[in-house]
Amino acid sequence: MKCEKSSEIVAYLKGEVEEAGREPLRLHFEGCAECTKELARFDRTLKALGRLETVDPAPGFAWRVRQAFAEAHPEFMERVRPRRPSDSWWESLRAHFDFVPAWAISVAVHVLLLAIAAIVLLSPRSEEDELRDSSIQAKPRRHTAGPEWKSADGTGRRSADFTPDGPREYTPDWPRDPDDPNRDVKPRIPERDPFKPMDPRHWVERFKKDNRILAFLESRTNEKTKDLLRKMYGGEETGPAVRRSLGWLARVQEADGRWTAGKREYEVGLTGLALLAFLGDGHTHVRGEHAEVVKKGIQFLLSEQRSNGLVGRNEGHYMYDHGIATLALLEAYVMTRDEALQAPASSAVAFTVSAQNSAGGWGYAYRANENDTSVGGWQILLLRLALMSGDKTVIPALNQARDRLSLLTDSEGKVGYRARLQFPNGCHALTAVGMFAHVMANHTPDGALLDLQAKVLLELPPIVSTEPQSYPSNDLYFAYFGSLALFQKGGNPWAEWYPLVKKKVLESQGRDGAWPAGFDKWSGYGGQVYTTAMGALVLETPWRYPRLAD
Amino acid sequence: MTSSGRSGPRSSWSDFELIQEIKKGDLGAFTALVERHQRSLLNFFFHNAWDRQTAEDCTQEVFLRLYSHLGSYEPQAKFTTFLYRVARNLWIDRMRAAASHPGPVSLETPAANGDEGVLRDRIRSREESPVEILEKRETHAALRTAIERLPEDQRMVLILSEMQGLKYKEIGEIMDVPVGTVKSRMHTAVERLKELMGDHEV
């Protein structure tokens, strides 16, 4: 016979009995043999339930839900997308397909363009046709200047700047044998093992330029490769310094993944910059000792991304933040091919494309007419990386940016800030940005221009001195872009520039791995996170991107 | 595009603040809401369906449905109550759809004589009893089978209370029943499990 109070047992065990009733029940259970026995059995059952299997959301699940949501609620997406009455048919089309994967858009556009190309190429051509063609080329804005094709007679119809220029003679600069300078130490090239990262000496022969860059990024994770590149390009002794700076950055990361200089402004940019420093040294969210740090940082950026692709808020100088953060997302995507990053990265790239102003440049805000060369440099870099990862829809924007950049460049190679010959904070950092962007935006950069620009950069040391009184004259931003640009140039300018920059950057690093908070003229904006991420990035230059001229 | 006066990461916002931002068109806030509740919802459906794929589909569906229901969400109510109401309704819809689907009769169909048993109970002898399963030392499988055999109402209370850790009062609100009913259903559910499990060590 069951005790009637036993019906209270489950509620009692679960703490669902009101305060006043608990004590009398407890006293009853203690005294009632039947209830004591039942209590133990119920307790065991509840405990067993607590041990039942549970599941964790699959990685990227929230992102899939977000995509499904975007597709299921077009009215929501319509509401939040910035619209301008002047949007062309191409942009409305783009806006419509914002949430279609970039590759699908690319395939559709390509099929369409190939069809048009076939019609055009198969029709007899007159001189008039040629003229009409060139008039189209004269206004490339948002034009679907698509894939590269050649006419049947081989003369070519449009200079496709991103057409891989086919096999070319290549003389690699292998390290020479120290005992016999005439003999290089080039090893025999073994068959490629698909499970091993690529040795940099192999991809030059095997890959076209863009694929080579992708292989390069993927191989950042390989310590042996990095060592080799350090030796090849003057990056010795920098490995431990980079490791210490990343250690410091990992320690100061906020719990939610962001890096901050104490205020909300620039947090997205600083997080992007810190992530670039980790990614540059081969740490991704799936690999390396800082995988968790990188993962949290990326998650923060994703949580800050708007439905229109913008990473961050549309406040202040947000195109800076967006550019830096997007570059970090793209690099992470290229390095890991993690499909969870594909959609966020490509929608961020699409935002950059649509934020370009009508003159082909970028300002602080969406389509701001006031050009900012520095902001634009980041966008060009990320567009090139997007193109390398297969998104050909960025080609018109990149072509236009290239044209804009050459308009900003004067006869000495100096690049203006808002306009040609305008240098409110000096011409050096801007020229460094412009020079690197020129290399990135052109498949065949203008060698004579690069010579001029290298000369400009070498006029002034980016790090004047490591003494505190010269901190306001130091310019890590210049050091960063100058190193990237001159690394691309190679030869004497690189040899003249880098050892000195490296020495000063190494000397000024603190024992904790960080650079002093006020180390340069821009550090008021980003504090020690900025100086440290920049310091690390400068030191990573020799193994961050491949030398494109190689 | 929206910009809210709210500072700090979205992960630190309250559910209500996130919903306000979603209404304004902030997809990031939606993602933050998904990230916060995905695990509970996934397990809610997993313990109902015992199938990961179904659980993921349902979880996604709840978040998609949620948006249309946001208009009826009142800030006085706890968001999780609202969320589980949507989730439970979805699950009931699914069960109904499965029941109306031409095909074999579900073993979970209530037995005709009005007691809380289901058809499966009547044919218990034709399959392995929980005791037999226990003898194979598959404790969890046995418990799982036992939960599957609970009538829908009891199973829902059991999952919400024991697996999801909700209070009886909240469960009452989710299921539109008085707290007393939640309490008795929960007691009956655990008692049934206890019996089905027998006296074996669990």
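By class, 19 nonpolar, 14 polar and 13 charged residues line the largest pocket of this predicted model; Ala, Val, Leu, Ile, Met, Phe, Trp, Tyr, Cys and Pro count as nonpolar, Asp, Glu, Lys and Arg as charged, and the others, Gly among them, as polar. The lining comprises 46 residues, of which A:G60, A:W63, A:L302, A:A340 and B:E35 lie nearest the pocket centre. A pocket is an open set of points on a 1 Å grid where a 1.4 Å probe fits, with protein on both sides within 12 Å along at least five of seven lines, and lining residues have an atom within 4 Å of a point. The volume of the largest pocket is about 1,200 Å³, taken as the space filled by probe spheres set on the points. At least two lining residues each come from α4 (61-72), α14 (291-303) and α16 (339-355) of chain A and from α2 (27-49) of chain B; helices are DSSP runs (H or I, at least four residues).

This is a predicted model, in which local features need pLDDT of at least 70 and side-chain atom pairs pLDDT 80 or more, while totals for chains, interfaces and linings use all residues. Residues are numbered from 1 along each chain, chains are lettered from A, and side-chain values use heavy atoms, without hydrogens and water.

The contact between the chains (heavy atoms within 4.5 Å) takes 60 residues from chain B and 54 residues from chain A. The area buried between them is about 5,300 Å², with carbon and sulfur atoms giving 58%; buried area is the accessible area (1.4 Å probe) lost on being put together, summed over both parts.

| Salt bridge | N to O distance |
|---|---|
| B:E162 and A:K14 | 2.7 Å |
| A:E38 and A:R41 | 3.2 Å |

A:E38 and A:R41 are separated by about one helical turn because they lie 3 residues apart in helix α3 (residues 33-50) of chain A.

How values were computed. Buried area = accessible area lost by both parts, 1.4 Å probe. Salt bridge = Lys/Arg side-chain N within 4 Å of Asp/Glu carboxyl O.
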